[in-house]
Amino acid sequence: MKQEVLFIILDGYADWEGAFLATALSTGVMPGSEVKYTVRTVAPTLELVPSIGGFRTLPDYSFETMPDDYAALVLVGGTSWFSPEAEQVVPIVRRALERGKIVGAICNASVFMGIHGFLNDVKHTSNTLPYLKQYAGERYTNEAGYVEAQAVGDRNIVTANGCGYIEFTRELLLLLKADEPARIEEACDFYKNGYVR
């Protein structure tokens with residue numbers, strides 16, 4: 001039976017930041033690859049969630065109905081990660097990490113992770129170190145663990161800046177063992193460079 005990967009979306013989510021990962025998980029990393037996971041969306045309620053680009057997504061689960069058993073939690077960036085709505089995600093992430101689940105956070109969702117102390121013991125990245133420090137303030141204590149990279153995976157946490165969605169996809173696919181590492185690298189290289197170089 002396929003395991004679920006849960007994508008948390010809030011109002012104004014960045015539709016492109018989870019798109020490559022969701023596609024690779026839903027259809028296979030490469031044509032003909034085994035499909036090991038099912039993608040599901042989670043939001044505060046079961047109401048339609050608008051993206052930055054104008055897509056309207058009907059979530060599979062609300063925060064109250066989401067399952068306890070899943071392979072990974074993916075926090076899709078966007079405009080609402082500094083809102084009261086986002087505070088509801090704190091216990092969800094805490095439970096996930098306590099249970100050894102994989103957690104990915106991109107763009108402002110990575111800043112959210114810093115604000116709540118989830119990055120204080122792992123290597124990580126975000127939308128620049130000054131930006132992360134500005135919003136996370138004193139609760140962020142791991143400047144030494146910051147890495148200037150598009151995406152960083154350390155233990156069960158993957159972080160990325162808002163332009164690092166391909167690298168974010170790669171790190172999570174590798175952590176999830178969605179396919180052989182060489183095939184993951186080949187697929188992500190294609191996503192990034194296409195047919196013509």
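Good morning. I shall begin with strand β7, where both faces are covered: I102, G104 and I106 on one side, and V103 and A105 on the other, are all buried. Please keep in mind that the model under discussion is a predicted one. For β7, 5 of its 5 residues are buried, so the strand is largely enclosed by the rest of the structure.

Which strands pair with β7? One is strand β6, residues 72-75, which pairs with β7, residues 102-106, in the parallel sense over 4 bridges. Within that pairing, L73 stands opposite V103 of β7. The other is strand β9, residues 157-160, which also runs parallel to β7 and is joined to it by 4 bridges. There, G104 has V158 in β9 as its bridge partner.

Let me place these strands in their sheet. The sheet is open and has 7 strands, in the order β5-β2-β1-β6-β7-β9-β8, with mixed pairing. At its edges stand β5, residues 61-62, and β8, residues 151-154; each has a single partner strand, so one side of each is left without a neighbour in the sheet.

I turn now to the protein overall. It contains 7 helices and 9 strands. How does its radius of gyration stand against that of a compact globule? For 197 residues, such a globule would have a value near 16 Å, and the protein has 16 Å, which agrees. The C-alpha trace spans about 45 × 35 × 35 Å along the principal axes. Of the 197 residues, 54% count as buried. Among contacts with a separation of 6 or more, 62% come from residues 24 or more positions apart.

Is L132 buried or exposed? Its relative accessible area is 0%, so L132 is buried. Beyond residues up to four places away in sequence, L132 touches S110, V111, G114, H124, S126, G137, Y140 and Y146. Its C-alpha atom is separated by 39 Å from that of M1, which is 131 residues away along the chain.

The other topic is C188, found in helix α7, residues 181-193. C188 has 5% relative accessibility and therefore counts as buried, the cut-off being under 20%. Which residues does C188 contact, leaving aside neighbours within four places in sequence? They are I166, T169, R170 and L173. C188 and V29 are 159 residues apart along the chain, and their C-alpha atoms are separated by 8.8 Å.

Thank you for your attention.

Note on methods: Residues numbered from 1 in each chain as written. Predicted model: local features only at pLDDT ≥ 70, side-chain atom pairs only at ≥ 80, totals over all residues. Heavy atoms only, no water. Helix = DSSP H or I, 4+ residues; strand = E, 2+ residues; numbered from the N terminus. Rg over C-alpha atoms; globule rule 2.2 N^0.38 Å. Buried < 20%, exposed > 50% of the residue type's maximum accessible area, 1.4 Å probe, protein only. Contact = heavy atoms within 4.5 Å. Pairing = 2+ DSSP bridges.
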